[in-house]
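Kindly read the numbered points alongside the displayed coordinates.

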Amino acid sequence: MTMTPNLPLSPLPSRAGRARPIAVGGPEDDDGRRRGGDDANFETGTVTKTRPKTKRPNLYRVLLLNDDYTPMEFVVLVLQDVFNKSREDAMQIMLHVHQKGVGECGVYPYEVAETKVTRVMDTARKNQHPLQCVMEKQ
């Protein structure tokens, strides 16, 4: 019989004393919990999402210019149709344009202002009136 060096013998750890591995990834049950482990082994946290700061769009004033040929009633109808003004508001704006030479119809984002100017100009042209409408940055 051969002698082996004296090595300390360590008893094999029993299965009951062994730590369970923590699951990092893997299949989940239908309710979102991992199979084969308890929820005490998982950390929870709150994910915060930062929203980008949005900038308000630039606004543009839509202006009507006075001329000596466009009938006042036509201007009132355009203000009601294109700018959704009441008859009273349209009359007030039309008189302001007539007396001061220019009047504001509304303030809108660029695309809306551009569309309204185009509608006024097209309507005036179709009815053979020289009415002018412009927009300027506020």
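The points below cover the basis of the model, the fold and the surface.

1. This is a predicted model, in which local features need pLDDT of at least 70 and side-chain atom pairs count only at pLDDT 80 or more, while totals for chains, interfaces and linings use all residues. Residues are numbered from 1 along each chain as its sequence is written, and side-chain values use heavy atoms, with hydrogens and water left out.

2. The chain holds three helices and three strands, arranged from the N terminus as β-α-α-β-α-β. These elements are DSSP runs (helices: H or I, at least four residues; strands: E, at least two).

3. The three strands form an open sheet in the order S2-S1-S3, with antiparallel pairing; two strands pair if DSSP finds at least two bridges between them. Strands S2 (102-109) and S3 (132-137) are the edges, each pairing on one side only. From one strand to the next, the twist averages 25°.

4. Strand S1 (residues 59-65) is joined to S3 by six bridges. Leu64 has Cys133 in S3 as its bridge partner.

5. Helix H3 (residues 110-126) lies across S1, S2 and S3 and runs at about 165° to S3. Axes are lines fitted to C-alpha atoms, for helices over the stretch in contact (heavy atoms within 4.5 Å), and angles between N-to-C directions run from 0 to 180 degrees.

6. Among contacts between residues at least 6 apart in sequence, 63% join residues at least 24 apart.

7. Of the 138 residues, 21% count as buried (under 20% relative accessible area, 1.4 Å probe, protein chains only). The chain exposes about 11,500 Å², with carbon and sulfur atoms supplying 53% of it; accessible areas come from the Shrake-Rupley method with a 1.4 Å probe.

Note on methods. Buried means under 20% relative accessible area, exposed over 50%, partly exposed in between (1.4 Å probe, protein chains only).
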